[in-house]
Amino acid sequence: MKKVLILGYSQSGQLKEVLDRIIEPVMQCKHIKYDFHQIKPSKPYPYPWSLYTFFNVFPEAVALDGCDVEAIAADEDYDLIILGYTVWFLSPSIPVTGFLKSEQAKYLFKNKPVVTVIACRNMWLMAQEKMKTLLNTLGARLIDNVVLTDQ
């Protein structure tokens, strides 16, 4: 039996809906076990954002500082990881960056194939280039990228 880990962080819920639709065939297959986990920052980001919050997260997002995140209940050896993220200031969102810099991510992503899923308004390419670097640091293998942009 194959095992798939699906991870994501979504403030508005739109990315969660996208991931649900993408993994629908996986959920229906008897030969695939899947775990779906939302990445949760230790200190939640408000939604919708105030103007102050919007500008306050800019430096951390661009510098890929990340934030503290809660550990997820995933300790199995997965055959594939599907990682959904949104773009904040041409970078992966701070909670996703924080998770990828965690000790848990070092264990989960090492030598694993990864498919990234981006839901954004536009301008995702720089974020994906940064994501490639983060995944490479973890020893993961990016095998595909799915991008859905709002019109």
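Leu142 touches Val114, Thr116, Gln128, Lys132 and Leu135, leaving aside residues up to four places away in sequence; touching, or contact, here means heavy atoms within 4.5 Å. Keep in mind that this is a predicted model, where local features need pLDDT of at least 70 and side-chain atom pairs count only at pLDDT 80 or more, while totals for chains, interfaces and linings use all residues. Residues are numbered from 1 along each chain as its sequence is written, and side-chain values use heavy atoms, with hydrogens and water left out.

**The chain as a whole**

- You're looking at seven helices and seven strands; these are DSSP runs, numbered from the N terminus, with helices (H or I) of at least four residues and strands (E) of at least two.
- Starting at the N terminus, the order of elements is β-α-α-β-α-α-β-β-β-α-α-β-α-β.
- The radius of gyration is 15 Å, which agrees with the value near 15 Å for a compact globule of 151 residues. That radius is taken over C-alpha atoms, and the globule rule is 2.2 Å times the number of residues to the power 0.38.
- Along its principal axes, the C-alpha trace spans about 50 × 35 × 25 Å.
- Of the 151 residues, 44% are buried. Buried means under 20% relative accessible area, exposed means over 50%, and partly exposed is in between (1.4 Å probe, protein chains only).
- Take the contacts between residues at least 6 apart in sequence: 85% of them join residues at least 24 apart.

**Surface and charge**

- The accessible surface comes to about 8500 Å², with 55% of it belonging to carbon and sulfur atoms. Those areas come from the Shrake-Rupley method with a 1.4 Å probe, and for residues only the protein chains shown count as cover.
- There are 16 positive and 16 negative charges, and their mean positions are 3 Å apart.
- For that tally Lys and Arg are positive, Asp and Glu are negative, and His and the chain ends are not counted. Each charge is placed at NZ of Lys, CZ of Arg, CG of Asp or CD of Glu.

**Helix H1**

- Which residues of H1 (residues 14-22) are buried? They are Leu15, Val18 and Leu19.
- Glu17 and Arg21 are exposed, on the face of H1 turned away from its buried side.
- Not counting residues up to four places away in sequence, Ile22 touches Val117, Val146 and Leu148. Ile22 and Val146 are 124 residues apart in sequence, yet 9.6 Å apart in space, C-alpha to C-alpha.

- The peptide bond from Tyr47 to Pro48 is cis, with omega near 0 degrees. Pro48 belongs to the loop between E2 and helix H3 (51-56).
- Leu64 isn't a glycine, but its phi is positive, at about 55 degrees. You'll find Leu64 in the loop between helix H4 (58-62) and E3.
- Is Leu64 buried or exposed? Leu64 is buried, with a relative accessible area of 16%.
- Met123 also has a positive phi, near 55 degrees, and is not a glycine either. Met123 sits in the loop between E6 and helix H7 (125-138), and at 57% relative accessibility Met123 counts as exposed.

- Leu142 and Ile82 are 60 residues apart in sequence and 10.0 Å apart in space, C-alpha to C-alpha.
- Lys33 is in strand E2 and counts as partly exposed at 29% relative accessibility.
- What does Lys33 touch, not counting residues up to four places away in sequence? Its partners are Met1, Lys2, Lys3, Val4 and Glu76.
- Lys33 and Met131 are 98 residues apart in sequence, and their C-alpha atoms are 26 Å apart in space.
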